[in-house]
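Work through the exercises below with the model open. Try each task before reading its solution.

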Amino acid sequence: MAVEMRLPAVHKPISLAASQSNRDDKHLVVPGDVITSDTGFMRGHGTYMDEDRLTASVAGEVERVNKLICVRPLKTRYNGEVGDVVIGRITEVQQKRWKVETNSRLDSVLLLSSVNLPGGELRRRSAQDELAMRDYLQEGDLISAEVQSIFSDGALSLHTRSLKYGKLGQGVLVLVSPSIVKRQKTHFHNLPCGASIILGNNGYVWLYPTPGHQDEEAGGYYTSMEPVSLSDREVISRLRNCLLALAAHKVLLYDTSVLYCYEASLTHQIKDILKPEIMEEIILETRQRLVEHEG
């Protein structure tokens, strides 16, 4: 019977002074902590008054804007902002709209008037288009979209009018906390390792083989069903395990951190990345490179 044995690894001393100093600047609180006894401040989200003392009701980071104090939770459902890139799953086809699950408190809405028609034509949506809605998107389909507006009850209104958005084809969905996805100018990245990644602000990350061409005639509804090569599947599997390792150690997700983690994992087998001691070794090396890169 084969027995797997792992020897302890020697960790090099790593200086994370830059990241530690940033962390120390944040005022973290837990429920019941007194934020201030000064009565001149206004109560914001995540706080309540207890005998003239402003007290935290959630665990998170204290934010102050002039005289308003609120606590931003460390772990929460996704709170959307206009312009965010999100990945969602169609849950229901309704009249002139689709309901989309986007990891937020309420289901998001994708209106028929907010999507591209195949061929990219711009015209008013007719009754015929409404009858053909299920040909475009049906229950269970994954889409990438952008937050267009926010309704008064907090629900998000999405759109897929740009050709970079639309129905997602073959790939892997990874679920992480929305708080560790870094906001950037672009959330679509073609990584040099041969795969592409969409970092949704809502904590849904999509990994897929880098497409050879983009069929613009389909208006965002073309999904390739060609067999994915073994090498591409291995790269995507390695990236998936790297994302889970970064999320487990609360490292911000963006193209550089994902790429550094991927490169640090190349000396290990894909299945070994999620073993605790190997994961820690990979994350330490990734953090070291990120500190050097930012310095």
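The model is predicted: local features need pLDDT of at least 70, side-chain atom pairs count only at pLDDT 80 or more, and totals for chains, interfaces and linings use all residues. Residues are numbered from 1 along each chain as its sequence is written, and side-chain values use heavy atoms, with hydrogens and water left out.

**Exercise 1. Strand E12**

Task: Find how strand E12 (residues 156-160) is covered, and which residues stand opposite serine 157 and histidine 159.

Solution: 
1. Strands (E, at least two residues) are DSSP runs, numbered from the N terminus. Buried means under 20% relative accessible area, exposed over 50%, partly exposed in between (1.4 Å probe, protein chains only).
2. Count the cover. In E12, 5 of 5 residues are buried.
3. Check the pairing. Two strands pair if DSSP finds at least two bridges between them.
4. Take E10 (residues 108-115). It pairs with E12 in the parallel sense over 3 bridges. Valine 109 stands opposite serine 157.
5. Take E11 (residues 142-150). It runs antiparallel to E12, with 4 bridges. Glutamate 146 faces histidine 159.
6. E11 and E12 have 5 residues between them, and glycine 154 in the turn has a positive phi of about 100 degrees.

**Exercise 2. Salt bridges**

Task: Find the partner of glutamate 263 and of lysine 275, and state the exposure of lysine 275.

Solution: 
1. Apply the criterion: a side-chain nitrogen of Lys or Arg within 4 Å of a carboxyl oxygen of Asp or Glu. The structure holds 10 such bridges.
2. Glutamate 263 meets arginine 289, with the closest N and O atoms 2.6 Å apart. A helix here is an H or I run of at least four residues.
3. Lysine 275 pairs with aspartate 272 at 2.8 Å. Lysine 275 is buried, at 17%. Aspartate 272 is buried too, at 14%.
4. Shared partners join Glu81, Asp84 and Arg183 into one network.

**Exercise 3. A nonpolar patch**

Task: Which residues make the nonpolar surface patch of about 270 Å²?

Solution: 
1. Set the rule. Patch residues have over 30% relative accessible area and no salt bridge; like charges are joined within 9 Å, nonpolar side chains (Val, Leu, Ile, Met, Phe, Trp, Tyr) within 5 Å. Areas use the Shrake-Rupley method with a 1.4 Å probe; for residues, only the protein chains shown count as cover.
2. Name the members: Met42, Val65 and Leu68.
3. Valine 65 is in strand E6 (residues 60-65). Valine 65 counts as exposed because its relative accessibility is 55%.
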